[in-house]
Amino acid sequence: NELFMPCFSDRFAAMSESQRKLFLRRFMLASDGISESTLRAIYQALYRHAFLEPNRCEITLRPGCTVSHCINAGAGHRLTLQHGMEEIEEVTADIVILATGYENAVPGFLEPMADRLEKIDNELAIREDFSVCWDGPHDRRIFVQNASLGQRGLADPNLSLLAWRARRILDSLLGRAPRANPEHPGFISPTSVESWSDTVAEEMGSGI
């Protein structure tokens, strides 16, 4: 997948901030979608539970559903679910597990100098060599990996470009020019997102 190649990491970094945000919204499932093997395992477990195991309980999958409210209801919790824009449903649950994901944050050990580090939204702002933009001496650099989704694209939180990023960081540390051969330009022509103005990108992104 070309979205996870070094050439696209550089292309993504060259987009404007609004274009990058829109691109991530549109193509997030290229990275965060569920795999076929996981889907198969879920349905096999549901089948065993429904037809082969004793003491069955009801299991329901509710895709495209948003939990808008959760209140205590005696020994359980009453959840208000919203399907789409209008349909509302209430269910009672004994246990609620909040699988909310994660977000980037400045590591705790950098907190004493957090006001000296540049940020873009909740990420540390980085240069082309993955060093953090800060107000300290130029020969005292802080390098980060896997922490620049909003600046480097879908591949950044993954390990697929780890060796390439490490090479770029090492080149910078040793003061040598990046590899002589340029990155392969890739086969995908510029996406429509890359050709949109910031105003259009912001307008399109607000509706996704």
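Predicted model: local features only at pLDDT ≥ 70, side-chain atom pairs only at ≥ 80, totals over all residues.

Visitor: What is a disulfide, anyway?
Guide: It is a covalent bond that links the sulfur atoms of two cysteines.

Visitor: New topic. How many helices and strands does the protein have?
Guide: The protein has eight helices and five strands.

Visitor: What pattern do they follow along the sequence?
Guide: The pattern reads α-α-α-α-β-β-β-β-β-α-α-α-α.

Visitor: Pick a helix residue for me. Where does His-49 lie?
Guide: His-49 lies in helix H4, which covers residues 36-52.

Visitor: Buried or exposed?
Guide: His-49 is buried, because its relative accessible area is 16%, and buried means under 20%.

Visitor: Which residues is His-49 in contact with, leaving aside neighbours within four places in sequence?
Guide: With those neighbours left out, His-49 is in contact with Arg-56, Cys-57 and Ile-59.

Visitor: Now backbone angles. What is the phi of Asp-121?
Guide: Asp-121 has a phi of about 55°, a positive value, although Asp-121 is not a glycine.

Visitor: Where is Asp-121 found?
Guide: In the loop between strand E4 (119-120) and strand E5 (123-124). Asp-121 counts as exposed because its relative accessibility is 51%, and exposed means over 50%.

Visitor: What about the phi of Phe-130?
Guide: Phi of Phe-130 is positive too, near 70°, and this residue is not a glycine. Phe-130 is found in the loop between E5 and helix H5 (149-152).

Visitor: Phe-130, buried or exposed?
Guide: Phe-130 counts as buried, because its relative accessibility is 0%.

Visitor: Back to the whole protein. What share of the residues is buried?
Guide: Of 208 residues, 29% count as buried.

Visitor: And what does the accessible surface come to?
Guide: About 14200 Å², with 55% of that belonging to carbon and sulfur atoms.

Visitor: Last one: among contacts between residues at least 6 apart in sequence, what share joins residues at least 24 apart?
Guide: That share is 46%.

Methods: Residues numbered from 1 in each chain as written. Heavy atoms only, no water. Helix = DSSP H or I, 4+ residues; strand = E, 2+ residues; numbered from the N terminus. Buried < 20%, exposed > 50% of the residue type's maximum accessible area, 1.4 Å probe, protein only. Contact = heavy atoms within 4.5 Å. Areas by Shrake-Rupley, 256 points an atom, 1.4 Å probe, with all protein chains shown as cover.
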